[in-house]
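Reader: Before I rely on any label attached to this model, I would like to see the criterion behind it. Could you take me through them?

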Amino acid sequence: MLRKTLSAIAFAIGLASAASVQADDIEIGAVFPLSGPNATYGDIFMSGAELAARHINEDGMLSGDLKILYEDSQALPQQGVVAMNKLVNVEGVPYVLSAFTGVSKAISTLAQRSQTVAVNGGGVGPDLAELGEYFWNVIPLANNEVGALAKYAVEDLGHKRFTLVYVDDPLGESILNELEKTLPPLGAELVESHSVAASAQQFSGVAARVRSDNPDVVYVASYGSQQLQIVKQLRDNGVKAQIASYSAFSVPELQVQDEAQGALFTTQSIEWDSEDPVTKRFVDDYKAEHDKNPTSYIANYYNAVRVFALLAQALEAQDKELTGANLLAQRKATDTFDLVGGEVSFQENGTLLAPIQVLEVDGSGSGKVVSVKASD
Amino acid sequence: MLFLQLLANGLQVGAIYALTAAGFSLIFGSTKIFHFAHGATFAIAAYLFHFALAGLGLHWTFAVAVSATSAVVFGVLLDRFMYAPIQRHEGSFFTVFVASFGIGIVVQNLLGSVFGRGFMSVATPLSNSVEVMPGLYLSPLNGLAIVSAIICFVALHFFLTHTFVGKGLRALSENPELVRTFGLSPRRLSTYAFALGSLLVVPGAIFTAAGTGINPAVGHHVMLISLAATIVGGIGSLRGAACAGLLIGVAENLAMWKLGTQWSEAITFAILFFFIIFKPSGFFGRATVS
């Protein structure tokens, strides 16, 4: 009898404490690849998002502790929709972090229908700017990145012949379209484009085709383990042309890969040694925690979480509920945000406008800036 | 020259495919177990080779030994502690398949947790190609992969035709009941089949770690190719699986001579469909009547 009573009391206390934790926490969601070949990105994105949550909670910016609920997308659209469904319909979060072009496109419909804000900090397909007003991007998109790289390669380095190796998915297609549009006005040409399946791992044949194209620049539009395999096999198989890519090259493994040294890539421009307090705190704390320099992806997801905190803080000050609709209205009413990289503003379509920098892989972990171009 | 280059690449890739496919075919042909975790064996062998060489700093010969031992131990343990109990309880073919599939997923995640989920490769000058004639680049790995495959197949042929266990394995694939009549243990032979089949993935795993690089999901592709090669070669035929592996590797590369690069992977399935429709028994398989 006594045991039963004690069990009932313990159960009641457990329920009460669980309820009090739930009442205090403010939850947002994240649909990241946590398993599969692109899981390395999930770890990178999480490190930025978690650092932001830590800073927000340390500063007491919100009425409760900010907690991020992670769901695994495996970087696949279908898995992404399942994860988004759980976050929206079961957890009821008003704000979800998203990544990868295919996944972001897939979840955008649900975001729009449920009035849940989805924020992308990793996918760069240009059409991500047109997924409705509940879909935001805290990363410049491929049209800005490809344009900046092409200008630098053609105008500053004098390269004219480009070959593209691209993954056969929405991201790869969008980069192909951008290169076809961008190069001719600059007096350069896309001599050949080679698409590869997302699951492909053998590229010695692709390297042979690239060599026969005789290009000045090989633009690699892939991500995850595959882009490292492409770079390695291009170099191992005698391709000596300049290798170039977009912000996917800012992953640590590629930055220290022998075969990738000297490759060019683009990201939004961030001055890591800036004295701006938000940037400085982010860089110092990241370095202290991970003993290495942060990359733009980490800054993007830090910024994505910080945008939520700034909006939620403003809504709480007005005694408004933290809903997707209110977050959207507040974003439209806010001119600028103090984020890592400085003061930035959203365009009408929900995409951040930021200058683009061209970097060279130099083994330092974050690349050496060789040029900064304003976003078009 | 592009044709020659693609052919050379295809022979290297095909040699690796042939070995892994032969391993799968040996296990499937002898034991009738659909060993989907064969891809996991490949991944374990590749990762432990990388770990022994780059992580522990061992000489490459010891790294090869670590890789081979891990592959054999994994295969044998699976046979003894997973497949054998399922078969004892008269589990269906599908039960075995699901269990094996599950092990593949578990191994993939374990490798990701232990070694990281990113890309890894063995840094070796052997993977660097040199221009042997205008437009034709070959790396020492190209030649090593082909020579290793030939040596392995000669040794395998000798083992299966000249040793008592080898003859027993061949008999097991033909008639397990007859094997029992002759006083041999099908269970023990099954263990030998797993040990030998798992050992055959080791050269491919090592060359992949050095050539294309590895990630925890590397086993999926291997499994896909092994399965296709087993069907194309004729179920139960080692020679067929080896030839089909070589054919798929060469076809994947030669497809890029005239077709777009995106056809490279699709060609495997085109070959598979061709055989399923026009020659269901495969290269060397025997036609059966159900």
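Author: What follows sets the labels used for this structure against their definitions.

Author: This is a predicted model, in which local features need pLDDT of at least 70 and side-chain atom pairs count only at pLDDT 80 or more, while totals for chains, interfaces and linings use all residues. Residues are numbered from 1 along each chain as its sequence is written, and chains are lettered from A and ligands numbered from 1 in the order in which they are written.

Reader: How do you know that chain B agrees with a compact globule?

Author: The rule for a globule is 2.2 Å times the number of residues to the power 0.38, with the radius of gyration taken over C-alpha atoms. For 290 residues this gives a value near 19 Å, and chain B has 19 Å, so the two agree. Along the principal axes, the C-alpha atoms of chain B fill a box of roughly 60 × 50 × 35 Å.

Reader: What makes up the list of elements in chain B?

Author: Helices (H or I, at least four residues) and strands (E, at least two) are DSSP runs, numbered from the N terminus. By that criterion chain B has twelve helices and two strands, and their order from the N terminus is α-α-α-α-β-β-α-α-α-α-α-α-α-α.

Reader: Why is helix H9 of chain B called largely enclosed?

Author: A residue is buried if 20 or more other C-beta atoms lie within 10 Å of its own, exposed if 12 or fewer, and partly exposed in between, the C-beta atoms being placed from the backbone. Eleven of the eleven residues of H9(B), residues 201-211, are buried, and therefore the helix is largely enclosed by the rest of the structure. Among these buried residues are Val201(B), Pro203(B), Ile206(B) and Phe207(B). For chain B as a whole, 52% of the 290 residues count as buried.

Reader: Which helices do the buried residues of H9(B) pack against?

Author: They pack against H1, H2 (38-55), H3 (60-88), H5 (140-162), H8 (186-199) and H10 of chain B, where two residues are in contact if their C-beta atoms, placed from the backbone, lie within 7 Å. Just after H9(B), Gly213(B) takes a positive phi of about 90°.

Reader: How do you know that the span of H3(B) agrees with its number of residues?

Author: The expected span is 1.5 Å times one less than the number of residues. The 29 residues of H3(B) should therefore span 42 Å, and the end C-alpha atoms are 40 Å apart, which agrees.

Reader: Where is the kink in H3(B) centred?

Author: The bend at a residue is the angle between axes fitted to the seven residues ending there and the seven starting there; in H3(B) there is a kink of about 35°, centred on Asp79(B). Asp79(B) is also one of the buried residues of H3(B), and those buried residues pack against H2, H4, H8 and H9 of chain B.

Reader: What makes up the contact between the two chains?

Author: The contact takes 31 residues from chain B and 30 residues from chain A. On the side of chain B that touches chain A, H1(B) provides the largest share, five residues. That side divides into nine nonpolar, 19 polar and three charged residues, where Ala, Val, Leu, Ile, Met, Phe, Trp, Tyr, Cys and Pro count as nonpolar, Asp, Glu, Lys and Arg as charged, and the others, Gly among them, as polar.
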